[in-house]
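Biologist: Please take a close look at the aromatic rings and describe what surrounds them, residue by residue.

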Amino acid sequence: MIVLTTSNSRDAEKVLSGELNLLFGNFEKVFLSENASLANYFYFKSSLQPSSPSPLFLSFFVNMLGTNIVYYDLMSKTIKENYRSEDEEASVVTIVEETLYSRETYLFQKFINKIDLIKFYFKDSILTLKLLFALSQGYLRKGELVSLGIYNSKDLNNRLQKLLDLNYIESLGNIYKIRDSLFSFWLTSVFKLYFSPPVLNPYQKQALLKKGLEEKLVLFKEEFAKDKLKKVMQLFASFKNDTLCLGKSKYQLPIVENVKVISYPARDFHLLIGEGKEIVFAGIKERNVEDNDIFDFIEKGSNIKGKRVKKIFVSLDNLPPTARLIAKNNKLTIWDINEVNRLLTVYNKPIVSS
């Protein structure tokens, strides 16, 4: 028997271990991985045809919409009606206004209902909303959240656990994220305007929305414009001895300091060496990965030995199965472009397009 459940794996596991387990015995649980960022990107691109938005425009929305295909389908219709190739930034503002800002829209009603449920489940709903705001603004770890003074450590643990149980957030190890990335975007871009002083009239609030979106676009554009190597280096710089669990994949991500890079431009290949509690030795191949690239990386790192050395080969292109097997047999950690993009998404960075 095959049972297809919702995307809320916590709820699914409760059901499978409860009534259904009594009826049918133990289940073998197979978790379907979330859609890869590049798959979302190309699905979104195809759904907008015959319009041909720029990679920047597409990536901005992929970063906003996350993994929920329903959101892509809903957003595509509005984009087709409002997209202007000569002024993509103005198009973004119009699209967000029509899908997320107007009270009568489906998404606004969906998200305001999530706020109402917060008020129902939490006596200190204002503080809980402040915690969600902090998470949506990029405070990822307990220590960072405690430093904001919203809750002390004990109360924060209790609040995070309850938000986990209600599926508002997810725990990825020592990092916490709002589960629904579009809801997270709506909180900081739209809902905060409803907390703004009552002296502001609707036109002033709409002007604030536009200004906030323009600022987000400027920051996103700066991040997006960085080349692939800089994005990977920025990813390594985001690590703070994090332990992540993404599906079946587990990552131990040490602090990386005093980074040195050796580049081989003719081969689109780079070596990164970083210090910290562990020495990180990484090979980064931008395209056309071959088996010989793995062997070359192994040879170049042959003199770097010890228990406190982490060797990582990063492919920013498709990775041949034979190359992956060679890396595995030589006890290398290997990340393909999908894993890199998953990590970039965790740390709120634009994805790398192939």
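Modeller: Arg267 sits over the face of Tyr264, 5.9 Å from the ring centre (Lys NZ or Arg CZ within 6 Å of the centre and within 35 degrees of the ring normal). Lys300 also lies over the face of Tyr264, at 5.1 Å from the ring centre. The model is predicted, with pLDDT of at least 70 needed for local features and 80 or more for side-chain atom pairs, while totals for chains, interfaces and linings use all residues. Numbering runs from 1 along each chain as its sequence is written, and side-chain values use heavy atoms, without hydrogens or water.

Asp268 belongs to the loop between β5 (257-264) and β6 (269-275) (strands are DSSP E runs of at least two residues, helices H or I runs of at least four, numbered from the N terminus). Asp268 is not a glycine, yet its phi is positive, near 55 degrees. With a relative accessible area of 22%, Asp268 is partly exposed (buried is under 20%, exposed over 50%, 1.4 Å probe, protein chains only).

Turning to ring pairs, the structure holds 27 of them (Phe, Tyr or six-membered Trp ring centres within 6.5 Å; planes under 30 degrees apart are stacked, over 60 edge-to-face, the rest tilted). In the pair of Phe60 and Phe220, the centres are 5.4 Å apart and the planes stand at 90 degrees, so this pair is edge-to-face.

The loop between α3 (37-47) and α4 holds Pro50. The peptide bond from Gln49 to Pro50 is cis, with omega near 10 degrees.

A further pair, Phe239 with Tyr347, is tilted: the centres are 5.6 Å apart, with 55 degrees between the planes. Phe239 is in the loop between α13 (228-238) and β3 (242-246), and Tyr347 is in the segment after α16 (337-346), so this pair ties together parts 108 residues apart in sequence. Phe239 counts as buried at 2% relative accessibility, and Tyr347 counts as buried at 6%.

The segment after α16 also contains Asn348. Asn348 has a positive phi, near 60 degrees, although this residue is not glycine. At 42% relative accessibility, Asn348 counts as partly exposed.
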